[in-house]
There are 2 protein chains.
Amino acid sequence: MPLDCRISTGSTTPIYRQLIDQIRLVVLRGRLTPGDRLPSVRSLAQRLVINPNTVARAYGELARDGVIESQQGKGYFVATKRQVYTRAHRRRRLAPLLEALVSEAALLDFSADDVTAALQEKLREYGLEPS
Amino acid sequence: MPLDCRISTGSTTPIYRQLIDQIRLVVLRGRLTPGDRLPSVRSLAQRLVINPNTVARAYGELARDGVIESQQGKGYFVATKRQVYTRAHRRRRLAPLLEALVSEAALLDFSADDVTAALQEKLREYGLEPS
DNA sequence: ACAACTGTACTAAGCACACTAATACAGTAG
DNA sequence: CTACTGTATTAGTGTGCTTAGTACAGTTGT
């Protein structure tokens with residue numbers, strides 16, 4: 001069963017965003033491995049009863065981010081080689097998320113240890129290696 | 001000098017959001033302490049050359065979040081007692097931010113140690129206590 | 001009591017942008 | 001040639017942000 005996505009049209013988060021997030025997760029968690037083909041723009045659109053453009057947009061952004069790759073006339077495939085980012089670029093991209101997390105944590109009066117512990121748990125959930 | 005805010009109308013982030021973020025920071029960092037009065041809706045609007053409604057919206061949301069409190073006819077003041085949240089509520093509110101951070105970190109191929117180190121640094125920047 | 005300040009609430013309008021849809025164009029494979 | 005693939009352009013629709021105007025209610029000092 002290739003890529004079982006579920007989208008809710010009633011949600012406030014746009015459809016294309018839901019697709020991006022779900023596909024990202026599927027790839028990160030290894031349920032789709034490099035080289036695997038994704039459903040075609042039209043077939044996925046038909047299955048989810050949404051417009052092909054919406055799928056195309058999601059695929060397009062994922063391609064921009066290096067998660068998947070497109071081959072004209074063939075389809076979309078999970079990227080074989082991960083994008084190589086500079087250290088500066090990676091930090092710059094992570095910074096706002098880190099800022100948001102800590103800012104909210106401070107407002108909620110979390111202790112540093114609480115936040116650290118929660119992070120460790122989440123890191124384990126994603127299977128990130130220590131180093 | 002009470003609350004020097006700077007907003008950029010050219011930014012993609014809406015004005016009311018910029019206000020919220022800046023005031024949150026000012027309060028968190030102790031530049032305004034509990035009981036301190038904020039500029040009136042109209043005066044701040046005039047100073048920043050924006051509509052009073054926009055300021056009112058920012059203040060309103062900050063009040064909803066328990067950062068500041070309103071007193072009819074008197075003004076807005078930094079909240080004297082922080083909102084008390086249940087443990088479940090606090091975790092529920094932090095969860096999506098944590099999810100976003102770790103998900104992005106995984107995609108960027110950060111190691112767990114990298115993320116943890118970055119977090120520690122940010123926590124220190126915000127002056128959060130260990131426990 | 002009055003004036004001048006505070007917050008609060010509501011409606012309406014304009015504007016920009018995000019989202020989605022429809023359609024047409026271009027490459028690939030059998 | 002046909003039927004699939006991705007790609008690009010255009011257009012319609014909605015929604016969020018901001019502004020403006022108006023009105024009402026509470027507080028303070030004169």
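Two strands pair if DSSP finds at least two bridges between them. Helices (H or I, at least four residues) and strands (E, at least two) are DSSP runs, numbered from the N terminus. This is a predicted model, where local features need pLDDT of at least 70, side-chain atom pairs count only at pLDDT 80 or more, and totals for chains, interfaces and linings use all residues. Residues are numbered from 1 along each chain as its sequence is written, chains are lettered from A and ligands numbered from 1 in the order in which they are written, and side-chain values use heavy atoms, with hydrogens and water left out.

Start with a hairpin in chain B. Strand β1(B) covers residues 68-71 and pairs with β2(B) in the antiparallel sense, over four bridges. B:Glu69 stands opposite B:Phe77 in β2(B). Three residues lie between the two strands of this hairpin, where B:Gly73 takes a positive phi near 80 degrees. B:Gly73 also meets the DNA: one of its polar backbone atoms is 3.5 Å from a base nitrogen of DNA strand D.

Now look at the two protein chains together. Two copies of a chain are related by a rotation about an axis and a shift along it. The same surface serves both copies, since 100% of the contact residues of chain B recur in chain A. (Contact means heavy atoms within 4.5 Å.

Next comes DNA strand D. It is surrounded by 23 residues, and the closest are A:Arg42, A:Tyr76, B:Ile15, B:Asn51 and B:Asn53. A residue is near a strand if one of its heavy atoms lies within 4 Å of it. Which elements each supply at least two residues of the surface near DNA strand D? They are α2 (41-48) and β2 (75-78) of chain A, with α1 (15-28) and α3 (52-64) of chain B. The largest share, three residues, comes from α3(B).

A polar side-chain atom of B:Asn53 is 2.7 Å from a base nitrogen. The side chain of B:Arg57 has an N or O atom 2.9 Å from a phosphate oxygen.

DNA strand C has 22 residues around it, and the closest are A:Pro14, A:Tyr16, A:Asn51, A:Asn53 and B:Tyr76. Of its atoms within 4 Å of the protein, 62% belong to sugar or phosphate and the rest to bases. A polar side-chain atom of A:Arg57 lies 3.1 Å from one, and a polar side-chain atom of A:Lys74 lies 3.4 Å from one. For B:Ser70, a side-chain N or O atom is 2.8 Å from a phosphate oxygen. Two or more residues of the surface near strand C come from each of α1 (15-28) and α3 (52-64) of chain A, and α2 (41-48) and β2 (75-78) of chain B. Here α3(A) gives the largest share, three residues.

Finish with A:Val49. This residue sits in the loop between α2 and α3 of chain A. A:Val49 and A:Ile7 are 42 residues apart in sequence and 9.9 Å apart in space, C-alpha to C-alpha.

How values were computed:
A polar contact is a pair of N or O atoms within 3.5 Å; within protein, one must be able to donate a hydrogen and the other to accept it, and residues adjacent in sequence count only if both atoms are side-chain atoms.
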